[in-house]
Each structure stands twice: as C-alpha cells, then as structure tokens.
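This briefing sets out selected features of the model below, grouped by topic. Please read it alongside the sequence and the structure.

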Amino acid sequence: MNVLVPGGNLPLPGGALAVRVPGPFDLCALVTDDSGQVRGDADFVFYNQPTAPGAVLRGDTLTLEPDRLRTGATRVTVVVGAAAPGTPLARLPLPTLHVTDAPGRVLARFTPPPAQGETVLLLAEFYRRGGGWKLRALGQGYADGLAGLARDFGVDVVAEDGPPTGGRAGAAPAHGYAGETGTGPASRRRTTAPRPTTTPGSVPSRPSAPYVPAGSASDPDGFLALVNPARAIAGSRPVSLDARLASAAGAHAAALAAAGRLGTEGADGVSVHQRITATGYRYLAVGEHLVSGPRTTAEFVAYCLRTDQARQTLRDPAFTHAALGRATDTRTGDTYWTAVWASALTPDGLARTAAEVVALTNRERARAGLPALAVDPLLTTAAQAHSADMVARAFYSHTSPEGSHPWDRAAAAGSTRRTIGENIACGQRSPAEVTEGWMNSPGHRANILKPAFTHIGVGFAGGGPSGTYWTQLFGA
C-alpha cells in the first residue's frame, strides 16, 4: 500500500477501482476533460445523481471504471464535504481516502493536512497519462463551499456584484496555510499549495506566453505603492522589491498562462517555491497569490484586500520582500498574476524558528506533566540536514532515497544516543502551525510526549514542491 502526501502520484492498474472516504462526509466526483471543465450536469456524481458512465456512488464509496467513462473524459476529481451542510471541515475528523482495486487489494491511502475554514475539499484526482491512469493526492479547500467549486469546474454562478462569472483554475493540493487563487472580482477564496515535481532544483525554459515582471527598483506597475500603505494600516513594515523574486513571479505567471489554469505548479512541472529558490533566494517565510482575471495591478491588489486569507498574506508582518509577475494567455486574453512574498533566510532567523518549535514542543510536554527536552546540537545538525535534503531532492519521507533512516542520520552527525525518533512535516508556514499539526496526529504526538526522550533537534528548510520542510529529531 502507498501512503500518499499532498501532490503524490501513483500509477494505477487497469480495471475497476473502489474509492472510499469513511466518516461524516458527503462524497462526490466531477468528470472532466483536459481543460478541467465539466461538459454538463451528467458529469457531476453525487448523492442525488449517483451514477454516470464509468462512475457509481453508493454511500461512502465511489466505484470508478476509467475505461468506461464518457467519451473525452480524462480526469475524475474526488470531492468531500461535511454531511451536515456548511460545517467547516476543521470541526470533523480528517477525511482519509482509501483506494482499492477490483480484487480488494489496497492501492493507496491519503489523509490531507488539517483544514481551516474550508467546507469542501478536492481530495484527489484520477487522470489519464499516456495509455494508463494515475492517482494524484490533492487537498485543495474552498471556504465558500460548492459555489467556488462550481466556478472552477466551469459552472456559471451569479456573483453578488455582477453577472455570471465562469471560474477557471487548475487543481492544486493545499497543505496548511498557503497562497490565494481566484478568477477576478467575484468574491471567493481558495487555498493552494505545491505539488511534487520530477525536476527538483531546476527551472526549465519559460513558456512562450509573454509576461511582465514587476520587480525593478522603480516599481513601474505601482505594486509597492499599493501594498505598503495597506501593510502600514495593519502595523506591518513595508516590503521592498527583490529582483530574484520578480524573476520567479514572472516565470510562474508565464507558466500559468501557458497552461491556461492556476496552480502552484505550472505545466512545466515546477512549483512557484522551486522557482524562488532556483534564483538563489533562500527564504525563512513565504507566501503567494495566484490569481486570474484582474486587468490591472490596482484591480489585483484590490481583489487581494477583499479576500480574508489573501489580505492576511499581503499584510503579514513576517515578509520583507515581494514581487509581482503577470502574463497573458494569448489564446483567451486572460491575465494570470503571481505575487510572491518572502523574508530571507538568516542564521539568526533559522535559530529563532527552531527555538520556537522547541519551546512549543516543551509546552505540550509540560501540559502532560513531562520534563522539557534539551536541545542537542548533534540532533539539530541531523534534523537540519534532513530538511535541506528533502528540499534539494524533492522527496518527503523518513527514509532518504538511498535508504538511510533517522538513526543513521543521527549517527552520521556524531550522536551516540541509543533511542531516536523523528517527526517530519511539509507545507506549514510557522512553528505554531507545524507543532499543532504534529499534536493533531497520533503518531507524531506520541513522539512529542514520549517520556523516555530527553533531547531534541529541529530542522527547517524552504523550497521544494511543498514550500517548507520541517524535521524534529528526538533522542534518549
């Protein structure tokens, strides 16, 4: 069985598949072509319309026969929401996707990171690649429920301030706090985060779609003149333009325009975070806005300020640098925007981040009546090296590509401790968020609250497909 992480891919065998999500959830599916758009009502499989060619929904299980899908179908997106309409998913247990083949053999399992205010979640997608089918773990949430979902899959909805607006966006998995995407003035919100890619550490040549980077010292598009006053109102210091971030933002906007859809990974297989680090910018904090629709920089910033999560990113006091890129899809005339926000990695900043994780971990141990863990420099070295390695080689696992385990890495760093434990995480944007995620996971929580552990080391690295990679290494 394969346990997938957000963005993880898995080739599938031929024949029927059973897709099950147990718990207090409503399961549904959307059948689309390569454009990501439904062709009609028959492409939406849910409790009131439980059958479509090649897809049958019974209770918490969707039976999928890819070869029997309607003509032209190349993708099936699995969606979950609360059985009680409007209930935020954060109030429920984490939904877990189970995929089995016709004989009942378990092929994959995927549990997304904890939701925040989302009420609907794109959990996974089955998609045709070459002559076969593959599974990709997603985890993309919608705070405005089925309305945002419908817009993104080609169903017209009436915005509060205007005529029907058809939304288009590419599916991208959410992993903790991430950037915003949207389709212009209609009021809605989505959270996205990275997919793994097959080209770690490199950025292919840019697509042919024209782009306009907004990152020179003269701020030709007036981006800083719009965002810094908004930051000042919130008490946040101004950001300055960075040419490396401008290069990454422009390249990603061009990739979005070339694909004709939004996503933290472009059609070239490179995430926005990989584009940033490929320019030589190493970050301690990062945020992004991915939006299509606004025609001018002023419209783009206005959209971000109207949307809760986007506004939080724009005003986040952690950021010191920013840049904006835009590109036009020459086929449709749509404009795609990428704004990136970051603060540069420094030794002091990294040390403060690790110390905060240690403090939060020890606070949880104190609540359980356990003694505090002492920082071990050797465990810290091993933990930091593992986080950096996961970024550099674009993998996410306790076992490295050559087969080394946590205790091997601890020994290689010089540690002689006889008992070693490890927690890892990716995508979380702060020490508080990653610690909360670990405490909400039974296995990670057990490591944090293990009485026998006496020492700890913490590692953090930014970049890679998921944006951030965290490691806790425990020893006794």
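In this predicted model, helix H7 passes helix H10 in a right-handed crossing. The two helices pack at an angle of about 40°, and their axes are 9 Å apart. The points below begin with this pair of helices and the sheet beside it, and then turn to other parts of the chain.

**Helices H7 and H10**

- From H7, the residues Thr353, Glu356, Val357, Leu360, Thr361 and Glu364 take part in the contact; their counterparts in H10 are Pro431, Ala432, Val434, Thr435, Trp438 and Met439.
- Sorted by class, the residues in the contact of H7 with H10 comprise seven nonpolar, three polar and two charged.

**The four-stranded sheet**

- Four strands make up an open sheet with mixed pairing, and their order is E23-E25-E26-E24.
- Strand E23 (374–375) and strand E24 (420–426) are the edge strands; each has a single partner strand, so one side of each lacks a neighbour in the sheet.
- Helix H7 (residues 347–367) packs on this sheet, where it touches E23, E25 and E26; the direction of H7 makes about 130° with that of E25.
- Helix H10 (residues 431–439) lies across E24 and E26, and it runs at about 60° to E26.
- E25 pairs with strand E26 (residues 467–475) in the antiparallel sense, over nine bridges.
- Within this pairing, Tyr469 in E26 is the residue opposite Ala461.

**His455 and its surroundings**

- His455 is located in strand E25 (residues 455–463).
- Apart from neighbours within four places in sequence, the contacts of His455 are Leu373, Ala374, Asp376, Leu379, Arg417, Leu473, Phe474 and Gly475.
- Ala372 is 83 residues away from His455 along the chain, yet their C-alpha atoms are separated by 8.4 Å.

**The seven-stranded sheet**

- Another open sheet, also of mixed pairing, consists of seven strands in the order E1-E11-E10-E3-E8-E7-E6.
- Its edges are formed by strand E1 (2–4) and strand E6 (51–52), each of which pairs on one side only.
- Three bridges join E1 to strand E11 (residues 106–110), and the two strands pair in the parallel sense.
- Phe110 in E11 is the bridge partner of Leu4.

**Helices H2 and H5**

- The axes of helix H2 (residues 223–233) and helix H5 (residues 297–306) come within 9 Å and cross at roughly 20°.
- The angle is under 35 degrees, and H2 and H5 are therefore roughly parallel to each other.
- The crossing in which H2 passes H5 is right-handed.
- On the H2 side, Phe223, Leu226, Val227 and Ala230 make the contact; on the H5 side, they meet Thr297, Ala298, Phe300, Val301 and Leu305.
- By class, eight nonpolar residues and one polar residue form the contact of H2 with H5, with no charged residues.

**Salt bridges**

- The structure contains 16 salt bridges.
- One of them joins the side chains of Asp43 and Arg70, with an N to O distance of 2.8 Å.
- This pair, 27 residues apart, links distant parts of the chain: Asp43 is in the loop between strand E4 (25–32) and strand E5 (44–45), whereas Arg70 is in the loop between strand E8 (61–64) and strand E9 (75–82).

Notes
Residues numbered from 1 in each chain as written. Predicted model: local features only at pLDDT ≥ 70, side-chain atom pairs only at ≥ 80, totals over all residues. Heavy atoms only, no water. Axes fitted to C-alpha atoms, helices over the stretch in contact; angles between N-to-C directions. Parallel < 35°, antiparallel > 145°, perpendicular 65-115°, else oblique. Left-handed = near helix turned anticlockwise from the far one by under 90°. Contact = heavy atoms within 4.5 Å. Nonpolar A, V, L, I, M, F, W, Y, C, P; charged D, E, K, R; others polar. Pairing = 2+ DSSP bridges. Salt bridge = Lys/Arg side-chain N within 4 Å of Asp/Glu carboxyl O.
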